[in-house]
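Here are my notes on the model, point by point. Please read them with the coordinates open.

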Amino acid sequence: MIEGRNISKKFGDHQVLKRVSCSFEKGKTNLIIGQSGSGKTVLMKCLVGLFEVDEGMVVYDDRNFTQMNFEARKKLRQEIGMLFQGGALFDSMNVEQNVMFPLNMFTSRPEDEKLDRVNFVLNRVNLENVNKLMPSELSGGMRKRVAIARAIAMNPQYLFCDEPNSGLDPQTSGVIDHLIQEITQEYNITTIVNTHDMNSVLSIGDSVVFIYQGEFWWQGDKSTILHTDNQKLNDFVFGTELTSRLKK
Amino acid sequence: MFAPNTLINSYGSGKSTIKLNSLPDDWLACQTRIRNLMILKRQFSGIWYFSKKHYMLKVFSNIGNYVMLMQKVFSRPQKRQIFWKQLIHEINSLGLESLGIVAFISVFMGAVVAIQTAYNIDSPLIPMSMVGFTTRQSVILEFSPTVISLILAGKVGSRIASEIGTMRVTEQIDALEIMGVNSANYLIFPKITASVLINPVLIVFSMWLGILGGWFAMSASGLVSTNDFIEGIRIDFEGYTIFYALTKTVFFAFIISSISGFFGYMTNGGALEVGQASTKAVVFSSITIILFNLVLTQLLLT
């Protein structure tokens, strides 16, 4: 379980997060939703420690991440996997080297064992015969899947996904969403997905946190989100033609 | 209240450089314009003062960030085996891939120094062996360590800054941090180590080629005989000059790789900012090399 308690974050004079408190449960796909600029990416970066919080704390299963020193954080981060918006694959390495990178860095397993693990996670994300391809030779969806494979290579306890569907067609988005959900349930990990895609919310949103203008606004799940009387959330959820028709 | 047009007309001879038509008809409007100009002038001086203050703050902030980054860079590599692999890769990409340009510039630089010296020796009292001597001294003391380092600041510096900058804007550095890797150490330390190790080799190579270029130019032009040139090369040779040149080179190699690494690592934004970081890396590395050249020359040769 990951908890954010009263998190505030400011950039210059601009207050991006205002005392946000929320919790993300284990074995569930937890979604953070909100409009562009609402502060959801900043919240996620605060949770993983890429941004230092100005106030409040982040707790990973009763471990206070905010107060940890550099070494303790480094150790905890080996339990974290993250899927970035663009995949963030290392351009100078091929697919196999990308997925093997965390294994090379943090384990002393023999080479063939590491290769077995790489092939296993690549198969898990439904990728075959791509080991020797460079990231520039992959499609957007394949890049995301390789990034997921790299994120799960070390058997993480926590998986963060920053807008996993951005730049993908609806069908590929669905494949990525279900892959994230399957992995979450299969390995019983805490997954946090940052999105503004309503398809994702309705298909994999076991728990949904709505952020509005840097403030925690609503928390529920995919079944309650369509029936809420929260005006701001309704404006966000039913803001598109498709979802407004769905409501009607 | 009087109209300025009337006043100027009374003195006007028709050859005035001020066109009367350009003056406003209304004197009040003229006053307003002058007042606006005064305000504008005050604002500009304010902006200048502010930008100067802001610039100084930025300089000190950058120096502070640079020192803090170097603290992160100079820590024990997480996996020694990976560090050695990267070091070999960087020695190849930063050093060996620069051999061509270093060779080309060194040969021509040595040739030009020799030709200029030969043409400027007018007095029959000065032996022609001085051409070899001057070429050797110029190439070893200044041209190879400083000029080649400036060339490397352009080639290697822009490469380092753009490579790390691109990794920053495409979140590859964030990915490293999330995995628990000390990204500054992982990315910059092998580059600094490789530069410090390989640049002296490049400079020794450059010295040899510079002198060879000088000899070739003299032989081809017939200005100085081979015997005179070689005799000049051997006159009063002190091994300390090589030590001096290589010490400077090590400092310059550190400056190039660390400053370029810093600007790349601190990139924030997109492709435009990567380009800007690359330019800044070359400019600031070159300026720092020139400044340190003066300081090191003073320290090592006095």
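1. A:Asn188 sits in the loop between H6 and S8 of chain A. Helices (H or I, at least four residues) and strands (E, at least two) are DSSP runs, numbered from the N terminus. A:Asn188 is not a glycine, yet its phi is positive, about 50°. The residue comes just after H6(A). A:Asn188 counts as exposed because it has 10 C-beta neighbours inside 10 Å. The cut-offs: buried means 20 or more other C-beta atoms within 10 Å of the residue's own, exposed means 12 or fewer, and partly exposed lies in between, with C-beta atoms placed from the backbone.

2. This is a predicted model: local features need pLDDT of at least 70, side-chain atom pairs count only at pLDDT 80 or more, and totals for chains, interfaces and linings use all residues. Residues are numbered from 1 along each chain as its sequence is written, while chains are lettered from A and ligands numbered from 1 in the order in which they are written.

3. A:Asn126 also deserves a look. This non-glycine residue has a positive phi of about 60°. Its loop runs between helix H4 (111-124) and H5 of chain A. A:Asn126 has 11 C-beta neighbours inside 10 Å, so it counts as exposed.

4. Does the length of H6(A) agree or disagree with its residue count? It agrees: helix H6 (residues 170-187) of chain A has 18 residues and should span 26 Å at 1.5 Å a residue, and its end C-alpha atoms are 26 Å apart. The expected span is 1.5 Å times one less than the number of residues.

5. Which residues of H6(A) are buried? They are A:Ser173, A:Ile176, A:Asp177, A:Leu179, A:Ile180, A:Ile183 and A:Thr184. Down the axis of H6(A), the buried residues fall within an arc of 160°, so they line one face of the helix. The arc is taken from the directions from the helix axis to the C-beta atoms. An α-helix has 3.6 residues a turn, so residues three or four places apart point the same way.

6. The cover over the buried residues of H6(A) includes strand S3 (29-33), helix H5 (140-152), strand S7 (158-162), strand S8 (190-195) and helix H7 (198-204) of chain A. Contact here means C-beta atoms, placed from the backbone, within 7 Å. On the other side of H6(A), A:Pro170, A:Gln171 and A:Glu186 are exposed.

7. Chain B is assigned domain 1 (24-73) and domain 2 (78-301). These bounds come from an automatic or database domain assignment. The centres of the two domains of chain B, taken over C-alpha atoms, are 37 Å apart. Their contact takes 6 residues from domain 1 of chain B and 10 residues from domain 2 of chain B.

Terms used. Two residues are in contact if their C-beta atoms, placed from the backbone, lie within 7 Å.
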